[in-house]
Amino acid sequence: MRPTAPILRLLTPAEPDPLPPGATVVDAALDGGLPEYLPLHADLGVFVAAVLGRADTWHDADPATVVSTPADPGRAFRLVLRSGGGYAGALPLTAGARRTVELPGSPRLATEIALLDWELRAGSVRGAGRHGSRIRLAWWDLGGAP
């Protein structure tokens, strides 16, 4: 049995909890270059983005060079959450990371996002193209209308 202290919900567990029934899994190629926007539902989307100043590291690298995976995430990439046309939070690329996003004014109330897997390549940091970058995440509603 896991302890239930509120802070533990913000930490990334060694073994992620299973996804709840009804979770929507998104497995997307990132062919548009970073940052790339992925709409999840009418009230929420995410940008896959490089942290400012860190993307320069890969500008001269071979486009096929892998720059971030769950086994070697680095610290240069984030999911930036967008809701209602504005910033709703950020999630570092860390295997098993989860974030709850409250959706004020939406009948959904809140959505939880879980980061499942990714592979980012240098070519996607430099611009659009089929470089082999992809991300896999899941989301589900925590209350309100679907």
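E36 is buried (under 20% relative accessible area, with exposed meaning over 50% and partly exposed in between, for a 1.4 Å probe and protein chains only), yet it has no salt bridge. A salt bridge is a side-chain nitrogen of Lys or Arg within 4 Å of a carboxyl oxygen of Asp or Glu. The nearest side chain of opposite charge to E36 is that of R130, 10 Å away; Lys and Arg count as positive and Asp and Glu as negative, while His and the chain ends are not counted. The model is predicted, so that local features need pLDDT of at least 70 and side-chain atom pairs count only at pLDDT 80 or more, whereas totals for chains, interfaces and linings use all residues. Residues are numbered from 1 along each chain as its sequence is written, and side-chain values use heavy atoms, with hydrogens and water left out.

E36 belongs to strand β2 (residues 36-41). Strands (E, at least two residues) and helices (H or I, at least four) are DSSP runs, numbered from the N terminus. The side chain of E36 reaches the backbone nitrogen of G32 at 2.7 Å, and a polar atom of that side chain lies 3.5 Å from the backbone nitrogen of G33. Contact is defined as heavy atoms within 4.5 Å. When residues up to four places away in sequence are not counted, E36 touches A29, L30, D31, V46, F47 and V48. V48, in β3, also stands opposite E36.

Two strands pair if DSSP finds at least two bridges between them. β2 and β3 run antiparallel and are joined by 5 bridges, with a hairpin of 2 residues connecting them. β3 is in turn joined to β5 by 6 bridges, also in an antiparallel arrangement, and here V46 has L81 of β5 as its bridge partner. On its other pairing, β5 is linked through 6 bridges to the antiparallel strand β6 (residues 86-92), where P92 stands opposite R78. The hairpin formed by β5 and β6 has 2 residues between the strands, and G84 in the turn has a positive phi of about 60 degrees.

The two faces of β5 are covered and uncovered: F77, L79, L81 and S83 make up the covered face, and R78, V80 and R82 the uncovered one. A nonpolar core is a set of buried Ala, Val, Leu, Ile, Met, Phe, Trp, Tyr and Cys residues joined through side-chain atoms within 4.5 Å. The largest such core has 30 residues, of which F77, L79, I113 and I135 touch the most other members. β8 gives the most to this core, with 4 residues. Leaving aside neighbours within four places in sequence, L79 is in contact with residues including V46, F47, V48, L115 and I135.

The structure holds 4 salt bridges. One of them pairs R134 with D27, the closest N and O atoms being 3.9 Å apart. Because R134 lies in strand β9 and D27 in strand β1, this pair ties together parts that are 107 residues apart in sequence. R134 also meets D117 in a salt bridge, at 2.6 Å from N to O. D117 is in strand β8 and R134 in strand β9, 17 residues apart. D117 counts as partly exposed, at 22% relative accessibility, as does R134, with a relative accessible area of 29%.

Conventions. Polar contact = N/O pair within 3.5 Å; in protein donor to acceptor, adjacent residues only side chain to side chain.
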